[in-house]
Every structure is written in C-alpha cells, then in structure tokens.
Amino acid sequence: DDDDDGDDDDDDNLSAHKKAKIDAAKQALDDAVAAADAAQAAFEAARDAAQAAKDVYAAAKDAAKAAFKAWHVAQKDVKRAKKALEKLVEDDDDDDNGGDD
C-alpha cells in the first residue's frame, strides 16, 4: 500500500487481471472437459447402436437363411406331391382306358 509511487496498486490490478485470466482458463478447461465427456457419451451410444444394429442384421440374416431352407424343402415337397398326383391320374387313366372290365 505504498501510494507514493503507485506500484502496489498496479500490482493489485495486475493480480486481479491475472486472476481473471486464470479463472477464465479454468472455466475453459471445465467446458472442454464437459464437451469431451459429452462426445465420449455420444460415441459410446453410437457404438452401442451400431452393435445392436449388427446383432439385428445377424438375426435377420439367420432368419432369412432358415426361411430359404424351409422354402427349398417346401419346393421339394411340392414336386413330390405333384409327381404323386400325376402318377395317380395316370393310374386312373390306365384303369379307364384298358382295364379288365
């Protein structure tokens, strides 16, 4: 508090200015940390969503494979049934056309 030359007042003002700069830097750091935390949370959510989508895709692919196999078996069954029907019709035609009456 040596007011004769004013140096102490300048030091007080400088200290207040420096303190304000430090406070602003601390706030900027806090803001950056909060932004980084939010970005990490967004990344984790996106990664989890991607994994869930991958799991759904895998399940859908498995279901499609199973449906294809079922369709393939059904196609074979259709062919078998068609052949059986044709054989019955042929046998019936044979009975009608030249059977021992």
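**Figure 1. Overall view of the predicted model.** Of the 101 residues in the protein, 1% are buried, where buried denotes under 20% relative accessible area, exposed over 50%, and partly exposed in between (1.4 Å probe, protein chains only). The structure is a predicted model, in which local features need pLDDT of at least 70 and side-chain atom pairs count only at pLDDT 80 or more, while totals for chains, interfaces and linings use all residues. Residues are numbered from 1 along each chain as its sequence is written, and side-chain values use heavy atoms, with hydrogens and water left out. Accessible areas were computed by the Shrake-Rupley method with a 1.4 Å probe, and for residues only the protein chains shown count as cover.

**Figure 2. Salt bridge between Lys 19 and Asp 23.** Four salt bridges are found in the whole structure, each defined as a side-chain nitrogen of Lys or Arg within 4 Å of a carboxyl oxygen of Asp or Glu. In the pair shown, the closest N and O atoms of Lys 19 and Asp 23 are 3.2 Å apart. Both residues belong to helix α1 and are four residues apart, about one turn of the helix. Lys 19 is exposed at 51% relative accessible area, whereas Asp 23 is partly exposed at 36%.

**Figure 3. Salt bridge between Arg 47 and Asp 48.** The N to O distance between the side chains of Arg 47 and Asp 48 is 3.6 Å. Arg 47 is partly exposed, with 43% relative accessible area, and Asp 48 is also partly exposed, at 46%.

**Figure 4. Salt bridge between Arg 80 and Asp 77.** The closest N and O atoms of Arg 80 and Asp 77 lie 2.8 Å apart. About one helical turn separates the two residues, because they are three residues apart in helix α1. Arg 80 is exposed at 54%, while Asp 77 is partly exposed at 39%.

**Figure 5. Surface patch of negative charge.** The patch comprises Glu 86, Glu 90, Asp 92, Asp 93, Asp 94 and Asp 95. Patches are made of residues with over 30% relative accessible area and no salt bridge, like charges being joined within 9 Å and nonpolar side chains (Val, Leu, Ile, Met, Phe, Trp, Tyr) within 5 Å. Lys and Arg count as positive and Asp and Glu as negative, without His and the chain ends; the place of a charge is NZ of Lys, CZ of Arg, CG of Asp or CD of Glu. Glu 86 is located in helix α1 (residues 7-98) and is partly exposed, with a relative accessible area of 40%.
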